Amino acid sequence: MKILLITPPLTQLNTPYPATPYLKGFLVEEGHQVHQADLGIELVNRLFSREGLQKLFQRVVVSRQTPAHLRQLLVDQQQYIHSIDAVMRFLQGLEPTLATRICHGEWLPQGERFKGMADPDWAFGALGTTEMAKHMATLYIEDLADFIQATIDPFFELSRYAEHLCLRLPHLKPLLTALSKPDSLLDEWLLELLEEKMRTSDPRLVCFSIPFPGNLMGAFRCSRHIRQHFPEVTVAWGGGYVTTELRQLSDPKVFDFAHFISLDDGEPALRALISYLEGNDDLPLCQTYHRATNGQILFHPKQPGHSIPFKQVPAPDYSDLPLHKYISLIEVANPMHKLWSDGRWNKLILAHGCYWAKCAFCDTSLPYINCFEALPASQICDYMEALMQQTGSSGFHFTDEAAPPRLLRELSREIIERKLVVSWWTNIRFEKTFDADLCRLMARAGCIAVSGGIEVASNRLLKYINKGVTVEQAFATAEHLTESGIMVHAYLMYGFPTQTEQETLEGLESVRQMFEAGVLQSAFWHRYAMTLHSPSGQHPHDYGADPLSQQTGTFANNELAFTDHQKIDFERLGQALYKATYNYMHGLCLDWPVRKWLSL
């Protein structure tokens, strides 16, 4: 069968999201003719080009109410038009010699974003001219993105589209209302790109991977176009957003856009769907919704015959993705955040699911967490060698929920034995297994950084959420990693039920001490969200929370409103945590008492 796999706009701009490469690798092995497309990166390349900006500026209408900095950008439009192609080539790694020109002189127009730029010598003294130039070029692109959002398309952001609209969407009406409005210039370009892919690949089945809320609007718009102009083509949806948000779907209107919507792993769902479309009766649909002829929504659950062991899922296939078009961005002057947006990483999964799968805040009831299966180290290295040959890149991001330390030890030994020259980073739990010997071994094998959840940074709360580590253990693990030359980033959380303001500040104090000791290089705080599929969401009273009454939505359902009857100003607290941690990352204010941040 001819199949087209699409990632709708927008996701990361520096590297492909791995869902369609994994599915392509599987489907090609199944004997199908498969094409894949990242419409986000192609749209960005069309937009941020000389021709794209010329057309964009022709569409812009400003008034006296338009902010002055946006009117100034319009005045400077010729500078942007003349420089954009060169800036994009630089960000794609095709013209590195532009770095010095970007950093010095007045070649790049500098808009509102540059006003918040850190002192270059302070921020980039240790990183160098190329990184400083990438940061300045990123600010230049962000100025243009702000202009586009204000004048052309209010839904546009650099790595997401209409995310604020889709973050909490219990009912379809707001999205359908937005879709009923006239297409913007970006919408027109998106549909032109889609038309091109449809004509080239001539698919019978088009599958949209929707990993995040910021991809949902693009999936709706593209699916509607296919249903209107290619009525013989079947449209299917899947991906992370679908899996977590649409498990209680009951609105039949969504099936005006997609014929089939599948939850959880894509491989068994697609194998069953293709069999169904080909008229075979031996394999029923798997974890899939569709609308019957009478308008009723039907759901077909997974059956034993659908299972595909993770070891049988082949390596991802990145062929026919435009790897040369992805752009490296440096949004903030922080070496750890740089990994997320700078450089093209081959994304691989070492193990399906999480080997711990007990944390109270995590979606442990869903298969992507609770169905754990690891690959052998030799098979992972086989995949790494295949991807290096295919993509020409030796950098890897292992996208596991938490990479198993035993597997990392075996993988590190296999990498060293094969003499592979690679760089990699991953997510871990700060557990005692990461001793000094393992961390040194990982560093020898090319590990450059890890991220991991310290979460609440309080021993009472760590036990309460069943994290399985202590603050002292996290400190020791971070110390072993740092001493081995591995950068450490910590995920942190505030607002968990019964977590007092004082406990949050005590957690901030633990973080301050880790930065002061030099065992932590980067950190970020997240506001806790209670989800349907987590232990805390399924049993809120066990965690000191009372759910607030709310009706089940007909479209997306995941986050739950709750109260723990504390009167905490979370906006004020969050701002204090962000400010403090930003300064700690740069070695500043480490001698301040943590409560002082609440008064700023």
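**Close-up views of a predicted model**

View 1. Ser 510 counts as buried because its relative accessible area is 18%, and buried means under 20%, with exposed over 50% and partly exposed in between (1.4 Å probe, protein chains only). This is a predicted model, where local features need pLDDT of at least 70, side-chain atom pairs count only at pLDDT 80 or more, and totals for chains, interfaces and linings use all residues. Residues are numbered from 1 along each chain as its sequence is written, and side-chain values use heavy atoms, leaving out hydrogens and water. Ser 510 sits in helix 22, residues 501-517; helices (H or I, at least four residues) and strands (E, at least two) are DSSP runs, numbered from the N terminus. Setting aside residues up to four places away in sequence, Ser 510 touches Ala 457 and Val 471, where contact means heavy atoms within 4.5 Å.

**View 2. Arg 512 and Glu 509 pair up in helix 22.** They form a salt bridge, with the closest N and O atoms 2.8 Å apart; the term means a side-chain nitrogen of Lys or Arg within 4 Å of a carboxyl oxygen of Asp or Glu. The two residues are three apart, about one turn of the helix. Arg 512 is buried at 11% relative accessibility, while Glu 509 is partly exposed at 22%.

**View 3. Arg 247 and Asp 264 form another salt bridge.** Here the closest N and O atoms are 2.9 Å apart. Arg 247 is in the loop between helix 13 (240-245) and strand 7 (260-262), and Asp 264 is in the loop between strand 7 and helix 14, so the pair ties together parts 17 residues apart in sequence. Asp 264 is buried at 16%, and Arg 247 is partly exposed at 23%.

**View 4. Helix 1 is largely enclosed by the rest of the structure.** Eight of the 11 residues in this helix (residues 19-29) are buried, among them Tyr 22, Leu 23 and Phe 26. Their cover includes strand 1 (2-7), strand 2 (33-38) and helix 14 (266-277). After helix 1 comes Gly 31, with a positive phi near 100 degrees.

**View 5. Phe 48, Trp 237 and Phe 555 touch the most other members of the largest nonpolar core.** That core has 178 residues; a nonpolar core is a set of buried Ala, Val, Leu, Ile, Met, Phe, Trp, Tyr and Cys residues joined through side-chain atoms within 4.5 Å. Its largest share, 11 residues, comes from helix 8 (residues 129-151).
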